[in-house]
Amino acid sequence: MIRTRALGTQALLAAAFAAFLSAGAASAEDHGPLPHREKWTFSGMFGTFDQAQLQRGFQVYREVCSNCHSLNYIRFRNLEEEGGPDFSAAQVKALAAEYKVKDGPNDSGDMFERPGRPADKFPAPFPNEQAAAAANGGKAPPDLSLMAKARTFARGGLWFIIDWLPFIGYTEQGPDYLHALLNGYKEEVPKGVTVPEGGHYNEFYPGHVIAMPKPLSDGQVTYAKGADGKPVVPETVDQYSRDVTAFLMWTAEPHLVARKSLGLRALLFLIVLSGLLYYVKKKVWSDVGGETHGLQPELHKTS
């Protein structure tokens, strides 16, 4: 009987493992290769943003992405907040003044343009969604403020259980997907894939046909030079995509560093509190236990 139950348990585990593998294979077959798990400074319980990388990512967004994509949930003043790109107040004020912002109405009832202020949000590249769609083949480019949280991918099987485990959890699917997408454009289209006019092949995009042309190319953005006159980091598509992805992760969760810091303090507090409660419990109930033990013989004798 015991042997039969053991064999049944083994068969159940084998079936579950097979389902796990088949689900992962089905996910890869439907959506192409899964994005590679990248190393990010903001991953894990103790992760923080690299301020230099956020500044480079903002430069990539400003020079490339902002031509089509808006950033509606970020204001200029957010760039100087703690845990972000760490621009100074003077830098933010000068940066905002480079933009023209529509305001009004004035005393005459007319709208007018003025230099931007730190409290303004980043001006959108198009006046409305209809104009954005008309300028981009009928489909408006999405806002990038929350893109690092909105886009993700399924690893298939039971990986979601492992991903939620403390200390080894995996919550960077969004950034990994964006990085892979920006590097996933291929000139050669595999056999069996038809790319319509105006479309582009991308091995990581669901369906593999994306309307957005390849946005990045090597040497497109000029980074600051080091003391030796060379760029601090490579001016390549891979590096551009890493930097702008980190920046978009910050726009999606600008208080990530503060949240993790608060969570660690709360965790330490709970650990200390648990230790104190255990000590108090042992101290109080040890006396009560001794008295009860001393009464047992009397109760036995009376009975």
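Buried here means under 20% relative accessible area, exposed means over 50%, and partly exposed is what falls in between (1.4 Å probe, protein chains only). These legends describe a predicted model, where local features need pLDDT of at least 70, side-chain atom pairs count only at pLDDT 80 or more, and totals for chains, interfaces and linings use all residues. Residues are numbered from 1 along each chain as its sequence is written, and side-chain values use heavy atoms, with hydrogens and water left out.

**View 1. The chain has 9 helices and 4 strands.** Helices (H or I, at least four residues) and strands (E, at least two) are DSSP runs, numbered from the N terminus. Starting from that end, the elements go α-α-α-β-β-α-α-α-α-β-β-α-α. Of the 303 residues, 31% count as buried.

**View 2. Arg 242 has salt bridges to Glu 38 and Asp 238.** A salt bridge is a side-chain nitrogen of Lys or Arg within 4 Å of a carboxyl oxygen of Asp or Glu; by this rule there are 9. Arg 242 meets Glu 38 at 2.9 Å, N to O. Arg 242 lies in helix H8 (residues 237-252) and Glu 38 in the loop between helix H1 (2-31) and H2, so this pair ties together parts 204 residues apart in sequence. Glu 38 is buried, at 16% relative accessibility. For Asp 238 and Arg 242, the closest N and O atoms are also 2.9 Å apart, but here both residues sit in helix H8, 4 residues apart, or about one turn of the helix. Asp 238 is partly exposed at 30%.

**View 3. Glu 253 pairs with Arg 259.** Their closest N and O atoms are 2.6 Å apart. Glu 253 is buried at 14% relative accessibility, whereas Arg 259 is partly exposed at 46%. Back at Arg 242, shared partners join Glu 38, Asp 238 and Arg 242 into one salt-bridge network.

**View 4. Eight names to look for in an aromatic cluster: Phe 58, Tyr 61, Phe 76, Phe 87, Tyr 99, Phe 122, Phe 247 and Trp 250.** Ring pairs do the linking, and the structure holds 12 aromatic pairs. Rings of Phe, Tyr and Trp (its six-membered ring) pair if their centres lie within 6.5 Å; planes under 30 degrees apart count as stacked, over 60 as edge-to-face and the rest as tilted.

**View 5. Arg 56 lies over the face of Tyr 223.** The distance to the ring centre is 5.9 Å. A charge sits over a ring if NZ of Lys or CZ of Arg is within 6 Å of the ring centre and within 35 degrees of the ring normal.

View 6. Asp 86, not a glycine, has a positive phi near 65°. His 208 is buried, with a relative accessible area of 16%.
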